[in-house]
Amino acid sequence: MRKQLVAWQGISVEVPEEWTPGAIGADERSGYLRLDDREMPRLEIKWEHAPKGSDPDSVVKRFLDMLKRGRKGQRAEEVRRGLPLVPETEERKTVCFSWRGNFKGYGTAWFCKKCKRAVMAQVLGRADERGLEELAREVLSSL
């Protein structure tokens, strides 16, 4: 797989070269970056300024609760937390998760002490797509 580096508002990630920006938004308090392939959205990254000591567990819980209720054709029927997708570092305590419904996603969330942002990122795929977890691990580890 050939990769490219994509960066926006101080966040960078390595992704397959066929993924291109599908939606971008940011202001001084929050931001959003979505990368798509020819078929569908493949990566979403959201961030917002948060108080020091913000808990990534609460970011993930809020997001997964929203998915369980359903949004934009996504409704999670199965949710798992605590996956070993992205290694934790001293600077960044991560919470990793997956969900499955009409589509599936693998993601992570953390609070960045340096930029004071809560960040949530997920790699998306079709419900029957093979190899998505490995792709997500590779992409999310490059953030």
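**One side of a helix**

Guide: Helix α2 (residues 132-141) has as its buried residues Leu132, Leu135, Ala136, Val139 and Leu140, where buried means under 20% relative accessible area, exposed over 50% and partly exposed in between, with a 1.4 Å probe and protein chains only. The model is a predicted one, in which local features need pLDDT of at least 70 and side-chain atom pairs count only at pLDDT 80 or more, whereas totals for chains, interfaces and linings use all residues. Residues are numbered from 1 along each chain as its sequence is written, and side-chain values use heavy atoms, with hydrogens and water left out.

Visitor: In what order do the helices and strands follow one another along the sequence?

Guide: The protein has two helices and nine strands, and buried residues make up 44% of its 143 residues. Read along the sequence, these elements follow the pattern β-β-β-β-β-α-β-β-β-β-α.

Visitor: Is leucine 35 buried or exposed, and what is its relative accessible area?

Guide: Leucine 35 belongs to strand β4 (residues 30-36), and its contacts (heavy atoms within 4.5 Å), leaving aside neighbours within four places in sequence, include Val6, Val15, Trp19, Pro41 and Leu43. Threonine 20, another of its contacts, lies 15 residues away along the chain, with 5.1 Å between the two C-alpha atoms. Leucine 35 is therefore classed as buried, its relative accessible area being 0%.

Visitor: Which residue in β4 is the bridge partner of glycine 25?

Guide: Strand β3 (residues 20-26) runs antiparallel to β4 and is joined to it by six bridges, where two strands pair if DSSP finds at least two bridges between them. The two strands form a hairpin with three residues between them. Within β4, the partner of glycine 25 is tyrosine 32.

Visitor: What phi value does glutamine 9 take in the hairpin of β1 and β2?

Guide: β1 and β2 pair in the antiparallel sense over six bridges, and alanine 7 has serine 12 as its bridge partner in β2. Glutamine 9 lies in the loop between β1 (3-8) and β2, and at 41% relative accessibility it counts as partly exposed. In this hairpin, which has two residues between the strands, the phi of glutamine 9 is positive and near 55 degrees.

Visitor: What is the volume of the largest pocket?

Guide: On a 1 Å grid over the protein atoms alone, a pocket is an open set of points where a 1.4 Å probe fits, with protein on both sides within 12 Å along at least five of seven lines, and lining residues have an atom within 4 Å of a point. Grid points are joined across faces, edges and corners, and the volume is the space filled by probe spheres set on the points. For the largest pocket, that volume is about 330 Å³.

Visitor: Which residues lining the largest pocket are the closest to its centre?

Guide: The elements that give two or more residues to the lining of the largest pocket are β2 (11-16), β8 (103-112) and β9 (117-126). Of the 14 lining residues, the closest to the centre are Arg92, Trp110, Cys112, Lys114 and Cys115.

Note on methods:
Helix = DSSP H or I, 4+ residues; strand = E, 2+ residues; numbered from the N terminus.
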